[in-house]
Amino acid sequence: MSDKPKEKKEEPKEGEAKAKGGGIMALLTKLPVLLGGVMVIEGAILFGAFKMMGSKPAATEGAELHAAEGEHAEGDDGGDVESAEAAGGEGEKEKGPAPKKKNLRYSMPLIEFRAPNKVSGKMYLYDVAIEAQVMGKNYEDAQKKVEERKALISDRIRTIIAQSDPEKLNGQVEPGLETLKRQVKYQLDEIVGDGVIEEVLVPRCIPFRADF
């Protein structure tokens with residue numbers, strides 16, 4: 001066999017290799033510079049546009065929005081003040097008890113309860129309501145004393161009913177319950193003060209059998 005001469009691969013020349021490598025590296029090196037230049041140009045364009053428009057749009061919108069909110073808030077505050085004044089006026093107009101006229105009589109509730117009576121040998125419970133007639137000039141003082149001594153008044157009236165003749169309490173002998181009224185008034189004059197109570201009223205005095 002005859003040996004053929006081996007073909008030698010041509011190696012790139014040193015100058016060409018350096019040229020190729022140098023071109024890529026140069027491009028990569030110049031890329032940031034190019035991007036920076038583009039950004040500078042864009043910034044200059046935007047700056048020129050803002051200058052041409054006059055004032056900054058964002059600042060103008062913010063000022064207008066702030067002014068609008070300020071006007072709305074002032075309107076709300078004024079409405080709240082008026083509402084508060086109206087509410088306060090209504091609160092101040094709450095009605096209390098009307099003042100009593102000095103020369104008129106007024107009814108004052110004294111007591112409502114059930115009191116026992118066994119004088120006849122049979123147990124009765126009397127459902128009783130008693131009121132007092134008081135002049136307007138004495139009403140507040142009488143009301144205060146009645147509240148302070150309500151337990152004593154209740155005890156005295158219960159004792160009167162327990163000792164009374166059932167025929168008088170039933171209205172058979174005294175339809176107007178004159179004896180009961182007179183005895184209650186006497187006790188009230190002792191407790192509240194003589195001359196304070198003008199008259200005693202008994203709007204209810206109903207007997208119930210309680211010994212079944």
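Author: Buried means under 20% relative accessible area, exposed means over 50%, and partly exposed lies in between, with a 1.4 Å probe and protein chains only. Asp189 has a relative accessible area of 16%, so Asp189 is buried. This is a predicted model, in which local features need pLDDT of at least 70 and side-chain atom pairs count only at pLDDT 80 or more, while totals for chains, interfaces and linings use all residues. Residues are numbered from 1 along each chain as its sequence is written, and side-chain values use heavy atoms, with hydrogens and water left out.

Reader: Where does Asp189 lie, and which residues is Asp189 in contact with, leaving aside its neighbours within four places in sequence?

Author: Helices (H or I, at least four residues) and strands (E, at least two) are DSSP runs, numbered from the N terminus. Asp189 belongs to helix H6. Contact means heavy atoms within 4.5 Å. With neighbours within four places left aside, Asp189 contacts Asp194, Gly195 and Ile197.

Reader: How many helices and strands does the protein chain have, and in what order do the elements run?

Author: There are 6 helices and 3 strands in the protein chain. Starting at the N terminus, the order is α-α-β-β-α-α-α-α-β.

Reader: How should I read the sheet, and what is the order of its strands?

Author: Two strands pair if DSSP finds at least two bridges between them. Here the sheet is open, with 3 strands in the order E1-E2-E3 and antiparallel pairing. Strand E1 (105-117) and strand E3 (197-209) are the edge strands, each pairing on one side only. E1 and strand E2 (residues 124-135) are joined in the antiparallel sense over 12 bridges. Tyr124 in E2 is the bridge partner of Asn117.

Reader: Which strands does helix H6 touch, and what angle does its direction make with that of E3?

Author: Axes are lines fitted to C-alpha atoms, for helices over the stretch in contact, and angles run from 0 to 180 degrees between N-to-C directions. Helix H6 (residues 178-191) packs on the sheet and touches E1, E2 and E3, at about 125 degrees to the direction of E3. Helix H4 (residues 150-163) lies across E1 and E2, at about 55 degrees to E1.

Reader: Which side chain of opposite charge is nearest to Glu174?

Author: Lys and Arg count as positive and Asp and Glu as negative, while His and the chain ends are not counted. A salt bridge is a side-chain nitrogen of Lys or Arg within 4 Å of a carboxyl oxygen of Asp or Glu. For Glu174, the nearest side chain of opposite charge is Lys168, 4.3 Å away; Glu174 is buried yet has no salt bridge. Glu174 sits in the loop between helix H5 (166-169) and H6.
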